[in-house]
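Let's take a walk through this model together. Keep the viewer open and follow along as we go.

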Amino acid sequence: MGSKLIFLLVVVLGVVALAQLVRVYELSSKLRNRGEHEISTRDNNLNARLMLIFMILSYAGFIYLVLKYGWTGRGDAASEHGRDLDWLFNLNMIIITAVFFLTNTLLFVFSYKYVKKPGVKAFYYPHNNKLEMLWTVVPAAVLAIIIILGLKSWNEATAESSDDAIRVELFSKQFDWTARYSGTDNKLGRFDYKLTLDNNELALMTKETIDSAINAMENGPTGIKAIESKLNDNNIMLVPEDREKMEADLSRKERLIRLLCQMRERHDKTIDAMAWDDIIQKDTLYLCVNKNYEFNFRSKDVIHSAFFPHFRAQMNTVPGMTTRFKFKPEITTKDMRVKMNNEKFNYVLMCNKICGGAHYKMKMMVVVLPESEYKAWMESKKKSTFKDQYFASVAAPVMEVAAPADTLVVAQ
Amino acid sequence: MAAVAHEAHGHEAHGHHDDHGHHEESFVSKYIFSQDHKMIGKQFLMTAVFMGIVAMILSILFRIQLAWPGESSDVLTFFLGETWAPGGVLKEDMYLGLVTIHGTIMVFFLLTGGLSGTFSNILIPLQLGARDMASGFLNMLSYWFFFLSSILMLSSLFVESGPAMAGWTVYPPLSALPQAVSGSGLGMTLWLFSMAIFIASSLIGSLNYIVTVLNLRTKGMSMTRMPLTIWAFFVTAILGVLSFPVLLSAALLLIMDRLAGTSFYLSDIIVGGEMLTNHGGSPILFQHLFWFLGHPEVYIVLLPALGLSSEIISTNSRKPIFGYRAMIGSILAIGFLSFIVWGHHMFITGMNPFLGSVFVFTTLLIAIPSAVKVFNYLTTIWRGTLVLTPAMLFALGLVSTFITGGVTGIILADSALDIAVHDTYFVVAHFHIVMGMSAVFGMFGGVYHWFPKMYGKMMNTRLGYAHFWITIVGAYGVFFPMHFVGIAGAPRRYYDYTVYNDFDSNALEMMMDLNQIVTVFAIIAALGQILFLFNFFYSIFRGPKAPQNPWNSNTLEWTTPVEHVHGNWPGELPTVHRWPYDYSKPGAEEDFIPQTVPLADGEEEH
């Protein structure tokens, strides 16, 4: 409390002191018979010099920042298209840095040089079409180069992925990521958000998951029957708000179950295999070096963004639609640790679209393995496909669905 | 009512204003429900200054968290109390709330309402030789809607469940689902209603500006004799009229999704354990609608600042603005292009990549008229005799920030490069310099330059100098280091960067260093604004009386009496004979020739 009072006192005294200073300054101006609108040569020169000093100091600051921090933290691009993008980024940086220095220097030097001096008259120079043409055409030409190079890289980065690309789905929700590998057939199983259950968090679509979703909605602890019996039970007194809420919940579930039943009727069992061999992986995303990957992104709740800063890859995950991005990791985690000069460095997948309070914590470690290690890991995972996990959980419904602990310790 | 108002104005425009005689105005009709454009302009300015202070304090609060994450701070407790900063540490949710309201207030209330609201109102009639705006009543309504929306926006800060927290772009589903973040409850509802009213205010204002510019120019004031300020306000108003309604529809659909159970933006969502039945909507639709306003909005903010600085730079260089017609052309080109570039905010939303390429092309085209403007400013000061008033310093500062922030736009407009820096601090640095700082500098320049016209008093020059130097040093100190944080890939809107400790401690160290530098500069810059506020309010009451034409300027506003009169000119409206930039014209005695001076024998118009 005391410190607050002192702080307040200092502010008040400061303002009073300022007022007095201004007063004195005004009186002295009055004595010299000079109005506020007349800028003295002294003031002009002082500010002109400050302009030049400011320019030099800010350039020095710029150069210091580039040398000290520059590209720290960015590191070398760890993906194929990333190398290309970095080359383009650096080229563009050089162009814009040159423009930055050129135009700012002209601005500050002119401000210094052409400050009003007694007896010098300004040069009346209202227009010159040749000059206008010059600084229309030159930027246009430079921009044409930037656009052409940029679109070339963009088209390559966003082109359809090759057929041999490994399909991986990244599923986002507040506030974590889950990966799903497409398994032996390299095809990701279908999904529908209405199938989400504790033992089917990614809502994969098979005959069994549809049946159990319908069953849960009908007979589960908060299912339709349970709600109906509660609403119809004369022995339970419900607060009107609670009753309204339950009725809304009931009608919501009735709509959903109708859709689920339609889904069951239309379901084609032959696609189930696509889902059964998928492999669900949490915490760490393992990738194989020098393999093409196509990532499919999904979101359960709000928009997130899958941002792999070191692979120069990013794509939003949007509820209600699937988005895609492809890349080919080229540097293993081990090699990157050497390059980054940091034993503990890891690749990471971050969320880069505001998604709620813990947005900043929403990340997943990414590990790029040499092919042999990756294969070994994959073999170990093939023993716990979605099918294995799902039927294990149906047999013992209480058991929490968790991937077996990873045998590899690269991530640590 | 409208007919009567129309008749009255038609009458006034013929210069018989004095015949009516003045009846004494009451306090309420003069200072509160005033229909006089000068008073309305000042009302906009005062409200915007207040909103700006609030938004600046909010930014200091979250900057403290970013520089010293998790450390207890008395400042946070003082402003936020135990609810939102328990033990002096900011809450995660409130961090997002502060960021959201800071952005919203700065973009809409300070830089849209404050900048174009203030200066369009004050300068359009004065520089065109009009008695007032086309409709004084609508003008008054425009301010009071603005005032109401300001109150609603501020009240969002005081809601128990917290202010809107979905970022100033309020992307659904986050902004549509209270289960997803607490601020998407009542806080977001207030945000939406505030913005809806703000849009109404902006529309009424803009229509009024357009009609005034087209219809109420005095004799001789052809379109190509208008000062560049008016051209900028005119194009800004057109942009506003064409784009703000789209934001209104975006907001209305969002209100429907929130309150009426529609599915415009929602599809296949499970949130807070609840499976929603919404199906078929698209969150991307909101982004298209939002940015269809959002990008023109950048120029709604920027063009008035560029217009003001054109006028200030020409006057204080004692030289005509170089390439007057090219400047008009570039304003028009920027205005047109601003409507077909919105997709560059959405390169990585999953939008078709080909559509992205089209937006790359159109976006980079904007660099051309922008370059023309910069080089024209440079040529204007070349071989001038620069009078470095505080306004001139701010205008020159604007050119610098316009360049510095503009060039990084070339990186961001390039979809391929955007992949790696999208939504990082690189973007934050870019738009704060090019839009935030440039517009703020333009606004300060405008206040220093036209203060004598607004209040009939002079501001203190020395304090103005100190204010400028602290502000420009602070601005660059805050936003320059952010580029490097962004190049390192640091996402924006992160509450705490110590999460980097888990995977890249070197990057963390660098980010913490830079974040502390940024925060220190931000605090210095914020304290520097006290000088301005003091100077501003002190001068209103006790500043020395302004002379008739303090900056020896050519434009019409300096021919009106220092003391404000209703109708602006006591006698007949002035007649215009020349463009507004006859500074240091060879053969003239003085280094300026006001627009009201007829051409001399054999003199050629520029």
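Which residue in strand 5 of chain A does A:R167 stand opposite? Its counterpart there is A:E294. Keep in mind as you look that the model is predicted.

Strand 1 (residues 166-173) and strand 5 (residues 293-299) of chain A run parallel and are joined by seven bridges. Both belong to an open sheet of five strands in chain A, whose order is 3-2-1-5-8 and whose pairing is mixed. At the edges you will find strand 3 (279-282) and strand 8 (323-327) of chain A; each has a single partner strand, so one side of each lacks a neighbour in the sheet. Going from one strand to the next, the twist averages 25°.

Now step back to chain A as a whole. Its domain assignment gives domain 1, made of 165-192 + 280-394, and domain 2, covering 207-271. Taken over C-alpha atoms, the centres of these domains of chain A are separated by 33 Å.

For a closer look at another part of chain A, find A:D233, in the loop between helix 6 (224-232) and helix 7 (240-266) of chain A. Is A:D233 buried or exposed? A:D233 has 10 C-beta neighbours inside 10 Å, and a residue with 12 or fewer counts as exposed, so A:D233 is exposed.

From chain A, domain 1 and domain 2 each supply at least three residues to the core.

Finally, look at where the chains meet. Here 116 residues of chain B are in contact with 106 residues of chain A. On the chain B side, helix 16 (residues 461-487) provides the largest share, eleven residues. What kinds of residues make up the side of chain B that touches chain A? They divide into 75 nonpolar, 27 polar and 14 charged.

Key
Residues are numbered from 1 along each chain as its sequence is written. Chains are lettered from A and ligands numbered from 1 in the order in which they are written. This is a predicted model: local features need pLDDT of at least 70, side-chain atom pairs count only at pLDDT 80 or more; totals for chains, interfaces and linings use all residues. Two residues are in contact if their C-beta atoms, placed from the backbone, lie within 7 Å. Helices (H or I, at least four residues) and strands (E, at least two) are DSSP runs, numbered from the N terminus. Ala, Val, Leu, Ile, Met, Phe, Trp, Tyr, Cys and Pro count as nonpolar, Asp, Glu, Lys and Arg as charged, and the others, Gly among them, as polar. Domain bounds come from an automatic or database domain assignment. Two strands pair if DSSP finds at least two bridges between them. Axes are lines fitted to C-alpha atoms, for helices over the stretch in contact, and angles run from 0 to 180 degrees between N-to-C directions. A residue is buried if 20 or more other C-beta atoms lie within 10 Å of its own, exposed if 12 or fewer, and partly exposed in between; C-beta atoms are placed from the backbone.
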